[in-house]
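Q: I would like to go through this model step by step. Could you start with a single residue and build up from there?

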Amino acid sequence: VQLVESGGGLVQAGGSLRLSCAASGSTSSINAMGWYRQAPGKARELVVVTGSGGGSPNYADSVKGRFTISRDNAKNTMYLQMNNLKPEDTAEYLCNARVFTFPRFYDYWGQGTQVTVSS
């Protein structure tokens, strides 16, 4: 599985951005996809994850009500719509795909896209 993110950039607080993650390769084997972020000097943290079988996405409390994940299965692309951005949302955003190959899960990552929110 290969993942390529796009859509990051510089935005003022209160603004919006939409990130994209295009998946290729063995996409039918993906069990879950999501977005993570990592700010300088901080640990990587989950933003949102969603299973391939449906069900409600699981958002971090810090982004609930502001971020929305969506998927276009025909294009093998996942999106993250980010509204009402805050300076604390500044981070590198990484796309993740999780594949179960017995007996364990494997994580695949994109190269990351930088989001910078100015105050």
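**Salt bridges, strands and core**

Q: What is the relative accessible area of Arg98?
A: Arg98 has a relative accessible area of 33%, so the residue counts as partly exposed. Buried means under 20%, exposed means over 50%, and partly exposed lies in between (1.4 Å probe, protein chains only).

Q: Before we go on, what kind of model is this?
A: This is a predicted model, in which local features need pLDDT of at least 70 and side-chain atom pairs count only at pLDDT 80 or more, while totals for chains, interfaces and linings use all residues. Residues are numbered from 1 along each chain as its sequence is written, and side-chain values use heavy atoms, with hydrogens and water left out.

Q: Back to Arg98, then. Which residue forms a salt bridge with it?
A: The partner of Arg98 is Asp107, and their closest N and O atoms are 2.8 Å apart. A salt bridge here is a side-chain nitrogen of Lys or Arg within 4 Å of a carboxyl oxygen of Asp or Glu. Asp107 counts as partly exposed because its relative accessibility is 35%.

Q: How many salt bridges are found in the whole structure?
A: The search finds five. One of them joins Arg37 to Asp89, with the closest N and O atoms 3.0 Å apart. Arg37 lies in strand β4 and Asp89 in the loop between β8 and β9, so this pair ties together parts that are 52 residues apart in sequence. Strands are DSSP runs (E, at least two residues), numbered from the N terminus.

Q: Are Arg37 and Asp89 buried or exposed?
A: Both Arg37 and Asp89 are buried. Another salt bridge links Lys64 and Asp61 at 3.1 Å, N to O. Asp61 counts as exposed because its relative accessibility is 64%.

Q: Different topic. Which strand pairs with β3 over six bridges?
A: Strand β8 does so, in the antiparallel sense. Two strands pair if DSSP finds at least two bridges between them. In this pairing, Arg18 stands opposite Gln81, and Cys21 stands opposite Met78.

Q: How many bridges join β3 to β1?
A: Strand β1, residues 2–6, pairs with β3 over five bridges, also in the antiparallel sense. Val4 stands opposite Ala22 of β3.

Q: And how does β7 run relative to β8, parallel or antiparallel?
A: Strands β7 and β8 run antiparallel and are joined by six bridges. Asp72 has Thr77 in β8 as its bridge partner. The hairpin of β7 and β8 has four residues between the strands, and Asn76 takes a positive phi near 50° there.

Q: What else is there to say about Asn76?
A: Its positive phi occurs in a residue other than glycine. Asn76 is partly exposed, because its relative accessible area is 35%. Asn84 also has a positive phi near 50°. Asn84 is found in the loop between β8 and β9, and its relative accessible area of 42% makes the residue partly exposed.

Q: How many residues of β8 are buried?
A: Five of the six residues of β8 are buried, so the strand is mostly covered.

Q: On to the inside. How many residues does the largest nonpolar core have?
A: That core has 29 residues, and those with the most contacts inside it are Met33, Trp35, Leu80, Met82 and Tyr93. Strands giving two or more residues to this core include β3, β4, β8 and β9, and β9 gives the largest share, five residues. A nonpolar core is a set of buried Ala, Val, Leu, Ile, Met, Phe, Trp, Tyr and Cys residues joined through side-chain atoms within 4.5 Å. In soluble globular proteins, nonpolar side chains tend to be buried together.

Q: Which residues is Tyr93 in contact with?
A: Leaving aside neighbours within four places in sequence, the contacts of Tyr93 include Trp35, Leu80, Met82 and Val115. Contact means heavy atoms within 4.5 Å.

Q: Last topic, the loops. Where is Phe102 found?
A: Phe102 is in the loop between β9 and β10, and Pro103 has its place in that loop as well. The peptide bond from Phe102 to Pro103 is cis, with omega near 10°. Phe102 counts as exposed because its relative accessibility is 73%.

Q: And where is the place of Gly53?
A: Gly53 is in the loop between β5 and β6. Gly53 counts as exposed because its relative accessibility is 83%. Gly53 and Ala32 are 21 residues apart in sequence and 8.2 Å apart in space, C-alpha to C-alpha.
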